[in-house]
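Please open the model in your viewer, with selection by residue number ready, and follow the stops below in order.

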Amino acid sequence: MTETPAGRPFDRSFYEEEHEEFREAAREFTAREVAPHYAEWDAQHLMPRSMWTAAGGAGLLGLAVPEEFGGMGLTDYRFRAVLDEELVRQGALGVALALHLHDDWVLPHLLAHGTDEQKRRWLPRMLGGELVTSVAWTEPDAGSDLRGVRTRAVRDGEEWVLTGQKTFIGNGISGDAALVLARTDGGTGRAGEDGFSLFLVHKADSPGYETGRQLDKMGVKASDTVELFFEDVRVPAANLVGTEGGGLRQIQQVLPQGRLAVAVAASAVARSTLESTLRYTGERTAFGSRVLDFQHTRFELAELTVEVEVVEAYVQRAVHAFNAGALDVVGASKAKYWASERARSVADRCLQLHGGYGYILDYPVAQAYLASRLLTIFGGTSEILRETIGRAVAEEA
């Protein structure tokens, strides 16, 4: 055990030397390419393509892509956790979210279910930041309940004709292609498990693929979020990802990684927020003393420190399980639920310790407060996760 600059005990055994070497590359990238520009991107609600290509050039995209397709084959999720920690440390929460959508929600589908031709066509461009992707599953009337999706795709020869509407789509403006969930059984009403398929739909090649209004979020604004519209969009049959009718099963198979990604991000947000609050209370004075010297402050920080360390240990266990191929949907849901709710609690209590400054967006704690609120919704709301966990508990009783 060693002591970090913040004074906290930290078990360095979670990361090995190769992870720390990767950290140096991630830290250098965020300091050079992200931190000087992030406030501007946040104000514009959009990141430039240069950020993506710079990330690709630094080898930070598609870490799990095999070498045969141009990647490094880094399936150890600890590398991804390192990248999150460095982005969060710079306050670049929008960049972290955008990269998660690309790497943890779209990429796993292509790696697990894409054909060799699809992989050779798409993966090198995704690695270089030339093909930015998004996930288009959610609709105005279908969020967590994907069986309520109404977007439909009808086969017409060597094409599918896609019609429907999606909402809350991250990377919807900046992205080049969306992994779209559509109903392919020709039915109406709530569909069965075999009623849906996944398509990678390219914006530039698809007349009728329209980007709607940009949604004005509470926070994490650098990551653009929009509505998407598909009006008789013709999609080549070669862009079907996986099997016809297998869309929901494929989503279920890759869901653990998506939810683990949120848990890792939440743990990083909680740690970064605590450390910035330690610095603030050590520098801020009131009634002639540092805020840190008041007993109430020390008690709060003591509780928060333990809470953050418990989150880290729990999430690290989930990462190890994922690396071993043993993290299922229930396990990932537990990690995501616990970490995101704790990050929200930590951010709220740390904001209070900042007083009025905590409500000012120039301060990291305010940004963390807004980001942590999203983490309890994105990737499955806490309510849905409790239901998932509760059903598993009931089945085992």
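Where is His-45 found? Select it in the loop between α2 and α3 (49-57), where helices are DSSP runs of H or I with at least four residues and strands are runs of E with at least two, numbered from the N terminus. The model is predicted, so that local features need pLDDT of at least 70 and side-chain atom pairs count only at pLDDT 80 or more, while totals for chains, interfaces and linings use all residues. Residues are numbered from 1 along each chain as its sequence is written, and side-chain values use heavy atoms, with hydrogens and water left out.

His-45 has a positive phi of about 60 degrees although it is not a glycine, and with a relative accessible area of 17% it is buried (under 20%; exposed is over 50% and partly exposed in between, with a 1.4 Å probe and protein chains only).

Next, select Asp-42 in helix α2 (residues 38-44). Asp-42 is buried yet has no salt bridge (a side-chain nitrogen of Lys or Arg within 4 Å of a carboxyl oxygen of Asp or Glu), and the nearest side chain of opposite charge, Lys-221, is 6.9 Å away; Lys and Arg count as positive, Asp and Glu as negative, and His and the chain ends are not counted. A polar atom of the Asp-42 side chain lies 3.1 Å from the backbone nitrogen of Ala-222.

Finally, move to Asp-232 in strand β9 (residues 225-236), whose phi is positive, near 50 degrees, in a residue other than glycine. Asp-232 counts as partly exposed, at 45% relative accessibility.

Notes:
A polar contact is a pair of N or O atoms within 3.5 Å; within protein, one must be able to donate a hydrogen and the other to accept it, and residues adjacent in sequence count only if both atoms are side-chain atoms.
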